[in-house]
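Reader: Please present the model under discussion, and then let us examine it by question and answer.

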Amino acid sequence: MSSLRETVNAAELAGQRFYLNVSSRFSGLQGGGRFGRNTGNSLEFVDHREYQPGDDVRHIDWNAMARSDRLSVKLFREEVSPHLDLLIDASRSMQLDDTRKREALYAMTAILRTAAINAGYTVSSWIVKDRCRRVEPASLPIYDWPGNDCDFSGNIGQTLVSFPPLLRPAGVRVLISDLFWNEEPQAVLRQLSNNAALLVIVQLLAEPDILPPLAGNVRILDCESGAAVEVVAEEGLLREYQANFARHQEYWKRSCTRVGAVFTRCVAGSFLQEMVPEELLKNEILMARSR
Amino acid sequence: MPFFMSPAALWGLLTISVLAAIYLFRRQARDVKVSSLMFFGRRQTPAEGGRKLTMPQTPFILLIEIAILVLLVLAAANPRAITGEKLIPVILILDDSLSMGVNEPDSPRTAALRYIESVVLAAPSTRITMIKAGNQPEVIGRHDMMPSEAASMLATWRCHASDADLFKALRYVTESFNADVSVLVFTDHQPEKSPEGRMQWLSFGKSLSNVAITAASRYALGGVDRCFVEFTSFASDPCRLEAEILLSDQNRLIETIDTMLEPGETRRLRFVVKDTGLAVQARIKNDPVSFDNIAWLLPIRRAPLTVAVDIDSKLLRPAITRAIEASGLAKVTGSSSQLLFTTRQAVSIDDSRWQFIFTIASQPAAFSGTVSLDKGHPLTAGLPPVRAAWAVDPALRAEGQILMSAGNVPLLEVQGKPEQNLTAIFNYTPEYSDLHKSALWPALFYNLLAWRQQFSPGPAAFNFRSGAEISVALPPEVERVEMLSEEGRPVAEVAGWRRQAVFSSPPPGLYEIRAGAASWQIAVNLCSAKESDLRTAATNGLPELPLPAETMLNFADVRWWFIVPALLLLILHQFLTMHRRPADASF
């Protein structure tokens, strides 16, 4: 627990460097009580710039045109009311032995939550096991969340499809999971992306998930179901594993693209070293705060 | 079934346990937890079922590896195969002398039999020839018997011979068999020098102190019989001799001996028996080794021959009659004679009657000079030189076997078969001769009568040394002759040939020989110092497998029987390990 606490604290500290992007390209975001970082439809004037085709003609500054014979438009501060729903996979596979996957899970949660708060988001956290349970009060430190131990041995995908959480419409939704379940991604993605401003899938993996440390005669145990198989681990087996894994990952990516979701990947070990969610930054889900 | 020339290599089979240990160690699966088995595809099995079902599966590659190991170890043990006719030839030379039967039931023979049955006959792939080494080597059964057949024939080895001439038996083996045979000699004493090559000397004897009768004889001298008995001490310390001589007439005691004998000392006893028709028994009373303690001397006098003299010559007839009477072997009768002396060329009707024909010349020629003599013939053996005048018929021509001759003139010739009606022709004209007054005359007649008497029905002698053949002349019309023990139990039966039958020597004792209506009693006495001397008997170390190792070198090297399958299995092993499905746990 102390390790988790330290990791979460470190992640929250690291999360201060980021903010969750609040952008009009997240088309679902509605006007709200907070200004966004971009220009928008609020009444607060920000700047002028030259007219570009497609600009709202209502924002053309006619006075300026009369003075300079040039078409320019007024830019106003964006006004948003953002909300982030964090869905956290609490199945056993997220607490794989000899890995820091669970720490990485909550570190990622902490960074996202901190970045969201930095960007003015309201945040709801959902722990997904056999049901999706919202963490209340929301301000509760992560390491004190009830049910934060990853001990569910069922199928998270089935829970998300069969017992979907009551997510706020037009909010940003982030699912953090290893996606190791046998459920069609479309069903889950359809459920989560419905009425969402943005859906982000963060596949959190441990190094052994990418390349299992198998050598010689081994008995492979599924940490969720307890199923076992004895194999002689050799190159062929590992090749087969990696091929299956890559196919699975590719399938999720394509499915995300199809529903407009963003698919990112994170490896626990390297992530915990730097506390930098590189792929989220690359996809501009998170933005670095200027000092 | 192969033999292994290097059985120590079989210790290599212990490597199987090492292989099995390595295999089990390698098979001990390490548990690895993964987030999901979904990427391992079809190899998912339920945990419970997998554990229980996978482990008991036949470890095929391990079996192949064990088989390869076993085959290579067996090949390293240098296997030799013996099949079909290629069996190990083993010759058993069995000491058949009486000393092998001493101290029954713990006799050397019993110990040797036990060893033969448990070790020699149990040895695999042998063909056995058994030779009884008595006075003459004698093959028991046939050559190259299977062990079961040899076992059934062993009962005929009874150790009754007065002597075991082992070296004669070995010479017989050397001359009759190949050099690659293994020879096992079973006896009761150590060899004079260590055997070499493929001969093994197995001794089962035990040193014992013994006093024995080593000689016994009886011979006629006028109206009485003279007897001779010799006692010898074969003890290592001075010992007492208590012996007695009995007549069979109600065990009448005629001599006693009670004396001390030094080691190796001999005491001889001579005595006269007036009752020539009674048997004499000599026996030692205080010796526990009993096989040589008794000797029998039966009456030796035969029924006299019946001889007829059909000669008119006043010179010749008394000379013949006197010579016959002097011999003590015959009596002159008028009719139904066994031998006829005549001057006529008569034709014998009785096929067992002999004739001695004098050829008297009407115009004789005086003979002087050297007489040629066949000294090997029973009729002329031992005759003194001719120192007399001899008138002969110079025209006589020989038709039979010439025994005496002078130049071209036959003096004595025989025609016909001695077991039937033999005719002797004597070229002699007494009126001009004085041979009948010389020493040759009675000697010639003794030879003739003794020879004739040999063909009278009955044994050649009445007292035999153990080991000697017992020759019996059969009465006319009798084809078979039987030997009975003292208790009346049949001991042997043989068929006659040319009115003669020969028994091999029975053990010492009294026997009755029965031929048709006639019967005779004989005695067989051991009288063998060599057999009675048990001081040198000993037991040597008996090997577990008496066959020398080089015996097996003759047979086929069959390492390829094991190496070729091992190579094939290696190829299969390589194929399976190279081409099995990835991570297939069933191998």
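Reader: In which strand is the place of Val472(B)?

Author: This is a predicted model, in which local features need pLDDT of at least 70, side-chain atom pairs count only at pLDDT 80 or more, and totals for chains, interfaces and linings use all residues. Residues are numbered from 1 along each chain as its sequence is written, while chains are lettered from A and ligands numbered from 1 in the order in which they are written. Helices (H or I, at least four residues) and strands (E, at least two) are DSSP runs, numbered from the N terminus. On that basis, Val472(B) belongs to residues 470-473 of chain B, which are strand 28.

Reader: With which residues is Val472(B) in contact, leaving aside its neighbours within four places in sequence?

Author: Two residues are in contact if their C-beta atoms, placed from the backbone, lie within 7 Å. As a matter of separation along the chain, Gly496(B) is 24 residues apart from Val472(B), and their C-alpha atoms are separated by 8.7 Å. With neighbours within four places left aside, the contacts of Val472(B) are Gly458(B), Pro459(B), Val481(B), Ala501(B), Ile513(B) and Ala515(B).

Reader: What share of the residues in chain B is buried?

Author: Chain B has 10 helices and 34 strands. Of its contacts with a separation of 6 or more, 70% are between residues 24 or more positions apart. Among the 587 residues in chain B, the buried share is 32%.

Reader: Which strand of chain B pairs with strand 9 of chain A?

Author: Within chain A, strand 9 (residues 216-222) pairs with strand 10 (residues 228-233) in the antiparallel sense over 6 bridges, with Val218(A) opposite Val231(A). The hairpin of these two strands has 5 residues between them, and Gly226(A) takes a positive phi near 80° there. The partner in chain B, joined in the parallel sense over 5 bridges, is strand 2 (residues 30-34).

Reader: Which residues touch the most other members of the largest nonpolar core?

Author: A nonpolar core is a set of buried Ala, Val, Leu, Ile, Met, Phe, Trp, Tyr and Cys residues joined through C-beta atoms within 7 Å. The largest has 80 residues, and helix 3 (residues 101-118) of chain A gives the largest share of this core, 10 residues. The residues that touch the most other members are Leu20(A), Met108(A) and Val174(A).

How values were computed: Buried ≥ 20, exposed ≤ 12 C-beta atoms within 10 Å, placed from the backbone. Pairing = 2+ DSSP bridges.
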